[in-house]
Amino acid sequence: MMSTKAFTLVPAVEREQLMGDREWVSLECVECCGRNLYVGTSDCFVYHFLLEEKTVPGGSATFTATKQLHRHLGFKKPVNELRAASALHRLLVLCDGCITLVHMLSLEPVPSGARIKGATAFALNENPVSGDPFCVEVCIISVKRRTIQVFLVYEDRVQIVREVSTPEQPLAVAVDGHFLCLALTTQYIILNYSTGVAQDLFPFCSEEKRPIVKRIGRQEFLLAGPGGLGRLIVATSKGVYVLVPLPLEKQIQDLLASRRVEEALVLAKGARRNIPKEKFQVMYRRILQQAGFIQFAQLQFLEAKELFRSGQLDVRELISLYPFLLPTSSSFTRSHPPLHEFADLNQLTQGDQEKVAKCKRFLMSYLNEVRSTEVANGYKEDIDTALLKLYTEADHDSLLDLLVTENFCLLTDSAAWLEKHKKYFALGLLYHYNHQDAAAVQLWVSIVNGDIHDSTRSDLYEYIVDFLTYSLDADLVWQYADWVLQKNPEVGVQVFTKRPVDEQQSRFNPDDIISCLKKYPQALVKYLEHLVMDRRLQKEGYHTHLAVLYLDEVLQQRPSASGKDAEVTETQAKLRRLLQQSDLYQVHFLLDRIRGAGLPMESAILLGKLEQHEEALRILVHELADFPAAEGYCLWRSEGRAPPYRQRLFQLLLAIYLGPGPSAPELAVAAVDLLNRRATEFDAAQVLQLLPGTWSVQLLCPFLTGAVRDSVHARRTTQVAMGLAKSENLIYKYDKMKLKGSSVRLSDKRLCQMCRNPFCEPVFVRYPNGGLVHTHCAASRHTNPSSPSPGART
């Protein structure tokens, strides 16, 4: 059995005893005779060791090698072979094509120098035919082409006794009696060198593997033949027998049937060199797939996954084990012969639901990993449909992820499965992915209305609104616009307010949307705010309409509250901002609606739009007594205007504070505060004419200080500007005098620098660089800036 451990490797000679630190040296051959161990190396050394065997407690054996000596043979080639002839006390050493006789103990060559030359390999005849006990028979492969030579080797001499020709070049040889077992270039043969009779055994390809020919007993040889396991040739005195092994695939299948997966794979890998590449790949993939199902049946999922991947399993083989997972339209049939012995998952698990659940979790994981790899090519519909069914059964979160990304789920099978398991929201996603948005929205609306139950999303209404917002199907949006607005006008209007502005904008004309929203005032306000404030559409109707809606809501919120005591609501604050910031609404129309409504602040803003500043400021000062608002009004209306305009507004506000009529202490305080904080906004001379004579200088000290400082600063700034202007004028006068101080000589040989023609009259234009040009050339240069310029004109 392959699983039985036959041998244990026990070290006998450590590498350091042979080579020391010479890493380039390698062991080439060994020979053992009794306790004597001989080693030949690549640097032409022969080592002699004595082996001692010891048995330690537990029954295991250890070996100790004691080095006796080593000898260099005098060549530069490695030692190829070593054979001991114990009867002669000689060691036969093949090195550099020469067999040398050395003493077994001293490793010294025999004194006679006897040797066999021209050998590439040799073998000792352990069943000699000469009958002489004082010699050994040696058979060599000669360097002569297709030649075998037989020698008798004595203690100090060698003698050739026969030379035999072979049909092809011999590569390896073993000998028993008169019989030579030879590995030729293309076949093995048995040759009787006494009679010359040859027997072909079987063909052999020397290019694929190294031949092995060994004598293992009397008239018995062991050969490395074709095939992964070899064939064993047994020669006896009565005949030659061949032990034929079982076919390789039969052995592998027997191992798989015994669940010995690792041994089957090892055996299959070992056959790689002896089977054509394509045939091996097909065989090996099938073995991997079978091994994968064996591991799968034992719930060894990690091992099964790697085997399935390595074996490039058609994933439908695995899916088909699970009932109803393959689409009904699938034409898949299982491999024949089958890769496993199971009809389905129920038979494999014998009804154990815990095992079934584990198998389904494994399949989910495996399909999710392979769906984006080459394994899925051609089977994507089967994989994704099976994955959807598994996710649905397990109520797995990944179901939605599968449906909102690229997938190949078959609509018919998947829709029926989702409906069966009441996964209506997921079914809508499936419809959407298959470009059936109307069916998807209808399904989701039924969930929100309570017609069918699916608790997948608690915010499904908001999801539908968002879906319609980004839908490119205008008809679908209009179809469900009323539904979303009825459910929640402020949220439903987002299908119009958050819609991207694109080429479909004509299908969502603002006037059409406004007509649709008339039944939903809150939604209408939100949409007009979107048009006016977000999109900044410059259309009077939208601005006026929004202002009227604000005004109506303000009047509804405070029907009996006075303008002074009412608390400002959010809508009223929006109305004021709109009235201040927009210039597109109908001012007179809104002013007429506001009159008598108890909205003085709004009235003041509208009067300010009509440039009726005095009336507006009187409302703010006398009716509302809102002095910060009055000051803010001056800043608002003068924004972007020239300083005199702002000065006029602040002067008007001060005049209202100090004007005739019943005076109040708070007005005087407001006037003083305004002057002291805004001193730079007033003409001090005009202010002094308005101030009451009873006011002290100390009361207006900040104002007067600021006014004087501003006046002094203005005077000094003017003086500096005048000084700079005078200096610049003086520079220009100096430059002019310099130019007038030099003479210009004009002759009929002097040429114009622009047209290169001579001057016909004493009229010219001179440039600072000294260049002279005709007056008409200078004029044309100014009318044609692209013409060449000799310099700035003087």
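User: In this predicted model, is His-89 buried, partly exposed or exposed?
Analyst: His-89 belongs to the loop between β5 and β6, where strands (E, at least two residues) and helices (H or I, at least four) are DSSP runs numbered from the N terminus. Burial classes rest on relative accessible area, with buried meaning under 20%, exposed over 50% and partly exposed in between, for a 1.4 Å probe and protein chains only. Because the relative accessible area of His-89 is 48%, the residue is partly exposed.

User: Is Leu-88 buried or exposed, and at what relative accessibility?
Analyst: Leu-88 lies in the loop between β5 (79-85) and β6 (90-95). Not counting residues up to four places away in sequence, Leu-88 touches Phe-134, Cys-135, Val-136, Val-153, Tyr-154 and Glu-155, contact meaning heavy atoms within 4.5 Å. Leu-88 therefore counts as buried, at a relative accessibility of 2%.

User: Where does His-435 lie, and what is its relative accessibility?
Analyst: The loop between α12 (424-433) and α13 (437-449) holds His-435, and phi of His-435, again in a residue other than glycine, is positive at near 65°. His-435 counts as exposed because its relative accessibility is 73%.

User: Which two residues does a cis peptide bond join?
Analyst: Most peptide bonds are trans. The bond in question has omega of about 0°, and its proline sits in the loop between α6 (315-319) and α7 (345-349). The cis peptide bond joins His-336 and Pro-337.

User: How are α25 and α26 oriented to each other, and why?
Analyst: Helix α25 (residues 627-637) packs against helix α26 (residues 643-658) at an angle of about 155°, with the axes 8 Å apart. Axes are lines fitted to C-alpha atoms over the stretch in contact, and angles between N-to-C directions run from 0 to 180 degrees. Angles under 35 degrees count as roughly parallel, over 145 as roughly antiparallel, 65 to 115 as roughly perpendicular and the rest as oblique. The two helices, α25 and α26, are therefore roughly antiparallel.

User: How are α20 and α22 oriented to each other, and why?
Analyst: The axes of helix α20 (residues 540-557) and helix α22 (residues 587-594) come within 11 Å and cross at roughly 10°. On the side of α20 the contact includes Thr-544 and Asp-552, and on the side of α22 it includes Phe-589 and Arg-593. The helices α20 and α22 are therefore roughly parallel.

User: How many residues has the largest nonpolar core?
Analyst: A nonpolar core is a set of buried Ala, Val, Leu, Ile, Met, Phe, Trp, Tyr and Cys residues joined through side-chain atoms within 4.5 Å. Those with the most contacts inside the largest one are Phe-296, Leu-318, Tyr-322, Trp-444 and Tyr-657. Leaving aside neighbours within four places in sequence, Tyr-657 is in contact with residues including Val-621, Phe-627 and Leu-674. The largest nonpolar core has 138 residues.

User: Which pLDDT do side-chain atom pairs need in order to count?
Analyst: Residues are numbered from 1 along each chain as its sequence is written, and side-chain values use heavy atoms, with hydrogens and water left out. Totals for chains, interfaces and linings use all residues of the predicted model, whereas local features need pLDDT of at least 70 and side-chain atom pairs count only at pLDDT 80 or more.
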